[in-house]
Amino acid sequence: MACATSALAKDDFPANVTIAKDKTIETIDWSFPIERPLEFSRIKRCVATNIHDDEVQLRDSAGSWVGPATGHYYQRDNRGTAQARETFALVDDKSQFLIAHGQTDKTSGLSGWIIRFDLEAGLEQGRVILTMRNLKLAASSSGSLANDGFQPLGSWYRFKSNYAALDAVASTVKSCIVQ
């Protein structure tokens with residue numbers, strides 16, 4: 001009898017997703033063709049107004065215990081802060097290319113999940129380049145397990161909801177650019 005697995009087969013991933021050898025998500029390419037000339041300033045404006053990377057609190061209750069004499073539960077409230085980053089890491093007007101730091105917390109599930117990424121955006125002949133790299137995932141609260149913060153986004157767990165959250169970000173930027 002074959003065991004069921006939560007890992008998706010390579011064919012189960014959208015064509016715009018590149019998976020690294022360690023089964024983490026390497027890139028997601030949202031690039032698209034354009035029919036008319038476009039100013040790079042429009043891409044910068046759309047990224048600036050739709051991409052953010054805010055400070056987030058990461059929590060856990062690791063180390064909580066039950067008192068042996070009293071039977072009372074003593075819950076630890078461990079907190080760490082993942083600092084906000086400047087939206088623009090690089091803007092090269094001459095090459096019409098930028099790198100922005102972004103995040104989304106629009107994933108589904110009971111525990112709030114946050115995905116951070118770098119967005120490469122630019123203009124090439126007849127195309128807008130929109131590529132997400134350095135995708136990392138963290139739980140806002142990991143309960144009784146230690147919260148290890150942002151880790152590479154894997155392809156093995158919750159990928160469809162994570163992809164949908166990133167698609168929403170990319171779609172918002174794309175809609176702004178093409179309007």
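1. Of the 179 residues in the protein, 39% are buried. The coordinates are those of a predicted model, and the remarks that follow should be read with that in mind.

2. The protein has two helices and 12 strands. Along the sequence the order is β-β-β-α-β-β-β-β-β-β-β-β-β-α. Taking contacts between residues at least 6 apart in sequence, 62% link residues that are at least 24 apart.

3. Which residues of helix 1 are buried? They are Phe40, Ile43, Cys46 and Val47. These residues lie on the same side of helix 1, because the arc they cover around the axis is only 125°. In general, an α-helix has 3.6 residues a turn, so residues three or four places apart point the same way. The cover over the buried residues of helix 1 includes strand 8 (88-92), strand 9, strand 10 (113-124), strand 11 (127-139) and helix 2.

4. Helix 1 (residues 40-50) packs against helix 2 (residues 159-178) at an angle of about 145°, and the two axes are 9 Å apart. The crossing of helix 1 with helix 2 is right-handed. Helix 1 contributes Arg42, Ile43, Arg45, Cys46, Val47 and Asn50 to the contact, and helix 2 contributes Thr172, Val173, Cys176 and Ile177. By type, the residues of this contact are six nonpolar, two polar and two charged.

5. Phenylalanine 32 belongs to strand 3 (residues 32-33). Is phenylalanine 32 buried or exposed? Its relative accessibility is 4%, so phenylalanine 32 counts as buried. Leaving aside residues up to four places away in sequence, phenylalanine 32 touches Gly126, Arg127, Val128, Leu130, Lys174, Ile177 and Val178. One of these, valine 128, is 96 residues from phenylalanine 32 in sequence, yet their C-alpha atoms are 5.5 Å apart in space.

6. Glutamine 103 sits in strand 9 (residues 97-104). Although its side chain has polar atoms, glutamine 103 counts as buried, with 6% relative accessibility. What lies 3.3 Å from a polar atom of the glutamine 103 side chain? The backbone nitrogen of aspartate 54 does. With residues up to four places away in sequence left out, glutamine 103 touches His52, Asp53, Asp54, Val56, Ile114, Ile115, Arg116 and Phe117.

7. Serine 155 is in the loop between strand 12 (151-152) and helix 2. With a relative accessible area of 6%, serine 155 is buried, because the cut-off for that class is under 20%. A polar atom of the serine 155 side chain is 2.6 Å from the backbone oxygen of lysine 23.

8. Lysine 23 itself lies in another loop, the one between strand 1 (17-19) and strand 2 (25-29). Phi of lysine 23 is positive, near 70°, and the residue is not a glycine. Please check the backbone here by eye.

9. Asparagine 134 also has a positive phi, about 50°, without being a glycine. Where is asparagine 134 found? Asparagine 134 is in strand 11. Its relative accessible area is 48%, so asparagine 134 is classed as partly exposed.

Definitions and conventions: Residues numbered from 1 in each chain as written. Predicted model: local features only at pLDDT ≥ 70, side-chain atom pairs only at ≥ 80, totals over all residues. Heavy atoms only, no water. Helix = DSSP H or I, 4+ residues; strand = E, 2+ residues; numbered from the N terminus. Buried < 20%, exposed > 50% of the residue type's maximum accessible area, 1.4 Å probe, protein only. Polar contact = N/O pair within 3.5 Å; in protein donor to acceptor, adjacent residues only side chain to side chain. Contact = heavy atoms within 4.5 Å. Axes fitted to C-alpha atoms, helices over the stretch in contact; angles between N-to-C directions. Left-handed = near helix turned anticlockwise from the far one by under 90°. Nonpolar A, V, L, I, M, F, W, Y, C, P; charged D, E, K, R; others polar. Arc of directions from axis to C-beta.
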